[in-house]
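Dear colleague,

Please find the sequence and the model directly below, followed by an account of what was found.

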Amino acid sequence: MKQRAVPLLLLLAGCQPQARRALVLDLALTDPALLDGTARPWHDAGFTVIYRRFYPHLTRSDLGRYHVLLLLLGRGPEVPSDALTAGDLGLLDDWVRGGGVAVLGYAGDGEGSLDRWTANRWLASQGAGIAIGDRVLQDSTVRAVLPRAQPWAVGQRVGDDPLGAVYDPFPLDRNHPLSVRRTGQVLAVASAGPATRPAKSAAPRPGAPIAAASRLGDGLVVVISRHALGALAPQSRPTTMPLLQLAALGGTHDFLTALARWTRRPAEWAHVPPDEHRVPLVLTGAPVAVELQPAPVGAPAGTTTVQLAQPISRQPGRAPDMPSWIRQVGMRALWTPLLVSERGHEVARSAASLDSLVGSLDAAGLNLLAGDARPETVVDSLHHLSADREVVRRAWKEVVSQLQPTSVAWIPAFDYADYRPPGAWTDSSRGSRGEAVGMPCALDSLLWDAGIAPAYTALARLASQTRQLVPALALDLSGPRKGTWGGYSMGQEFCDAAWHQVLAHIGRRGSLDTVPVSDRYRTLREAGLLSLYFGALEDLVAGRARALRDRALKESGGLYFAFRLQQAPGDWFTLGLCRGFNLADRPLLLFTPEVETRELLAAYRARGINAVHAVELPLALVRPASLAGLKRVAFGENDGFWLSTGEGASARAPSGAERWRSDSLALLLRRLGR
């Protein structure tokens, strides 16, 4: 009897790893630090979560290694990105019909339309009875006050068991409505949020389905947004976390963890309707042609994987010299441009307006004024009239004069997101298909040598002339006024300038020199060289940033360096900048909308990047009843806060843009300070 039990135990041991192994493939090549929120619920449900970043397509060898596939779809064509191939779709058939679970996490809210289209065609061919809608769900009443706010979600019963909390709404980031054939497929629906939460005894209001499942053969497919899957931590999009209701993320964690556990229990899938009416897959008429490459047996040689959701020590690897004004009172900043708009032209603020601005800063207890100082105008005499340059110089002098008697410091910024080199670019940025992207090539020498470097050096000289008034210089990559600059993605940069510089950097000159721009990404991917390529891009950006940093320190040796971003750094460009400006004896100053950043900052420290972080506080949330919650977020989860106002405001300061100057709001902001 004992002899018979031994083979059985060995068999179970061999099966267990596959049953509890989940593979993450992300067609956007997201940095692992920004996938922690996606992986954490699956890890908590008992899965070992493996991420293969630089070969994001299915291979035949994956079928026998993993039970669950988390397939995070691409961001194209709106944002340069890899995309589903015909080979992926073929292996998805085998995956689910062989008993595996495929979780399709689509990208939405202004990106990812190509893979949503492709996924919908595949789902229809499988008879899944699920289709992803084209438009993002919105809560118009809340978004009027908080532009990034999203509808919440409510988990649904599957058979006799709920997925997470059935009646309590929870935040679930960005979602598109799903069309389903049968209500039994729905795992979660949109909710109006906690303000309209029904009583415990009442049935939840019906809403648009936002997570659904279907049985395909012996397996299961789940459709949900990639943003919802990653709702627990910073992602590669600006956060939608509810600033004053972070405890509600407990419901989000419960739902996502329950979903992960549910995928391990095939007996419970019986309550989910099976597929019906399979039809041939047709991929003609796609927004962009779907790549027809067949699935390979395995990933290219040299392709590596990492295990996600690993513990990260919050203890810093080294102790940077924290400025006393951060250590004692935290960062409390207002971001507003130096110049304002008047009849379509940028002009200096009037003396009265500037005096009122500075007085409001002092009354509110803020210690930093930051914003675009337009240094490119001052240094470019060829493309800017002397009168325009004098306007900027005079504005600099006025700010210095007004701030010197106060306790408010100034962080002048160069707005990289808003900057466009005069005349034609040497080359446009290029995406993964070779398509031109509406921004300059990131390694264009004209952009750096004739634009960024002179402008940043001008700010450093300004700092050297103002004693302690300018403690830091900033690069603004948030693009608040244009609204269309999303930064460089992991589907860029394949322009000629970057291509040849990277090949030289990694020692791969030769046959790769002549690869057409439309084939460059695919050639690197299939050769297993994507990791090497993007690592070299990051190195080259870091080298240019280091040169800027060193020039600035020669002008003013005590400077700190700051960045304002739309989301946490996670691509080769922003990480390259952070590495280049990083100093061992002082932290970088990060200004983003991200709410919970302690784990993320610890991950950066593990890479040798020391930073402190200030969170954006929407003015609409600064109310007496909110102060305790805002203080916990600003000084518990972060190292301070920042406000944004006057972006593109008129010189006459309309009340909507300047309402923060009211005495009552200034008093609240002062009370918010520690």
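Cys 495 counts as buried because its relative accessibility is 0%, where buried means under 20% relative accessible area, exposed over 50% and partly exposed in between, computed with a 1.4 Å probe on protein chains only. This is a predicted model, in which local features need pLDDT of at least 70, side-chain atom pairs count only at pLDDT 80 or more, and totals for chains, interfaces and linings use all residues. Residues are numbered from 1 along each chain as its sequence is written, and side-chain values use heavy atoms, with hydrogens and water left out.

Cys 495 forms a disulfide with Cys 441, the two sulfur atoms lying 1.9 Å apart; a disulfide is here a pair of cysteine sulfur atoms within 2.5 Å. The pair links distant parts of the chain, 54 residues apart: Cys 441 is in the loop between β20 (436-440) and α12, and Cys 495 is in the loop between β21 and α13 (496-506). Helices (H or I, at least four residues) and strands (E, at least two) are DSSP runs, numbered from the N terminus. Cys 441 is likewise buried, at 0% relative accessibility. The search of the whole structure finds 1 disulfide. Cys 578 is buried as well, with a relative accessible area of 4%.

The strand β21 also belongs to a closed barrel of 8 strands, which runs β14-β17-β18-β21-β22-β23-β24-β25 with parallel pairing; two strands pair if DSSP finds at least two bridges between them. Neighbouring strands of this sheet are turned by 25° against each other on average, direction ignored. Phe 414 stands opposite Leu 475 in β21. Helix α12 (residues 445-464) lies across β18, β21 and β22 (560-564), at about 170° to β18. Axes are lines fitted to C-alpha atoms, for helices over the stretch in contact, and angles run from 0 to 180 degrees between N-to-C directions.

Elsewhere, the buried residues of helix α2 (residues 36-44) include Gly 37, Pro 41 and Trp 42. The buried residues of α2 pack against β2 (48-51), β3 (68-72), β4 (101-106), α6 (226-229) and α7 (249-262), contact meaning heavy atoms within 4.5 Å. Just after α2, Gly 46 takes a positive phi of about 100°.

Finally, Arg 135 is found in the loop between β5 (130-132) and α5 (140-143). Arg 135 counts as exposed, at 70% relative accessibility. Not counting residues up to four places away in sequence, Arg 135 touches His 176 and Pro 177.

Yours sincerely
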